[in-house]
Amino acid sequence: MKVLVLNAGSSSLKYQLFNMLTEQVIAKGMCERIGVNGGAEAYMGYSAAGRDKIEIQHEMPSHKEAIELMIATLTDKLNGVIASLDEIDAVGHRVLHGGETFKSSVIVNDEIMAKLEENVPLGPLHMPPNIMGIKACQEIMPGKKNVAVFDTAFHQTMPDYAYMYPLPYQDYKELRVRKYGFHGTSHRFVSEVAVKLLGKENSKVVVCHLGNGSSVSAVKDGKCIDTSMGLTPLEGLMMGTRCGNIDPAAVLYVMEKRNMSVKEMDSYMNKQSGILGIYEKNSDFRNVRDDYAKGDERAVLTLNMVCYKIKQYIGNYAASLGGIDAVCFTGGIGENSALVREKVCADLAFMGVDLDFDKNSRLERERTAGNVDISKDGSKAKILVIPTNEELVIARDTFDLAGK
């Protein structure tokens, strides 16, 4: 069985085609700047092995044209990997927000589509393109089952005292204001791998998904009990361009002093803050790391802030879990930055998190593939670097619901 996984953004479309008998990626690619400047932008498609890379300039005024181009590339006689659409058995879609309605992945039908529309106010930037991607597939590939896999679903096991905000209760009942959490497919994948590596069912795991967007989760016995992102992905850690947790009164103060509207402040916190706001040169953590090594004052401040806030969450979640069996690092920064892992884990030996500095630095030098334990021998808690695979989670759920 072959499963197509789609991640539709506001102006992009990423895809991976899986052979579910082996769980291997047959091909992957992306469309960029859909609907921007007439939609005449680059499309890239290539096989998993890296051969037959294709770059195309093509009109893509909407996601429908992007999906049609993707299919044409997959079925191309010279460079394609399948003979026809008949070989695709089902399509799995990454969907940002399931609200409280969806606690697991679902096969899409008219009723589900209506409920997805109801959740648009909770994710106004991401939900419309997610829905457009599903509708385009229904039109272009009639008869194929579509499965919605939600970023928020894994976190729906949080207890009420963890997800509720101390605002008037009517805001929860009438406006659905609460913590939802995101990056759920990544936290689910990494925590499941960690539990297997630990070899125990009763487990206490902290997952640090660190990239341009970052979040931390506390996972007890395989279920999320808390996570750093909230009603939106803005809450929690300092990120590439997002501020994360700040005093709410600081928002009102800045808005008043700078005479900013609600939309302007929203953009300020989401797109102009975080690493970009402090470092100022850009939001690329690799540049921060390089300038940190040179002693650049602003880079030092930025990196110290990033690591300190991650460390705080690990301590908080150790208390919530009643101890830690494993701290997991994943995502672009978590998997590749020995410096961040070192600074985050520094001085945590008192709670059983004891980093082996040589293993940690060697991992970055040697680019070791797979899951790696970088904790000291005898460390009470494991420190694990686990490459995430969100697309595989989506493919597996799609296979389980639509294929078996």
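## Nonpolar cores

The largest nonpolar core has 38 residues, of which Cys208, Ile310 and Ile314 touch the most other members. Such a core is a set of buried Ala, Val, Leu, Ile, Met, Phe, Trp, Tyr and Cys residues joined through side-chain atoms within 4.5 Å; buried means under 20% relative accessible area with a 1.4 Å probe, protein chains only. At least two residues of this core come from each of β9 (204-209), β10 (215-220), α9 (274-279), α10 (285-293), α11 (297-321), β12 (326-330), α13 (338-345) and β14 (382-385). The largest contribution, 10 residues, is from α11.

Leaving aside residues up to four places away in sequence, Ile314 touches Val206, Cys208, Ile324, Val327, Val344, Leu348 and Met351, where contact means heavy atoms within 4.5 Å. A second, separate core has 30 residues, among them Ala90, Val147, Val393 and Phe399.

Helices (H or I, at least four residues) and strands (E, at least two) are DSSP runs numbered from the N terminus. The expected span of a helix is 1.5 Å times one less than its number of residues.

Helix α3 (residues 127-140) has 14 residues and reaches 20 Å between its first and last C-alpha, close to the expected 20 Å. Its buried residues include Met127, Ile131, Ile134 and Ile140, and the buried residues of α3 pack against β1 (2-8), α1 (63-74), β6 (90-95), α2 (110-118) and β8 (145-150).

Helix α15 (residues 390-403) also has 14 residues and should span 20 Å; its end C-alpha atoms are 19 Å apart, which agrees. Among its buried residues are Glu390, Val393, Asp397 and Phe399.

## Basis

This is a predicted model, in which local features need pLDDT of at least 70 and side-chain atom pairs count only at pLDDT 80 or more, while totals for chains, interfaces and linings use all residues. Residues are numbered from 1 along each chain as its sequence is written, and side-chain values use heavy atoms, with hydrogens and water left out.

Methods: Buried < 20%, exposed > 50% of the residue type's maximum accessible area, 1.4 Å probe, protein only.
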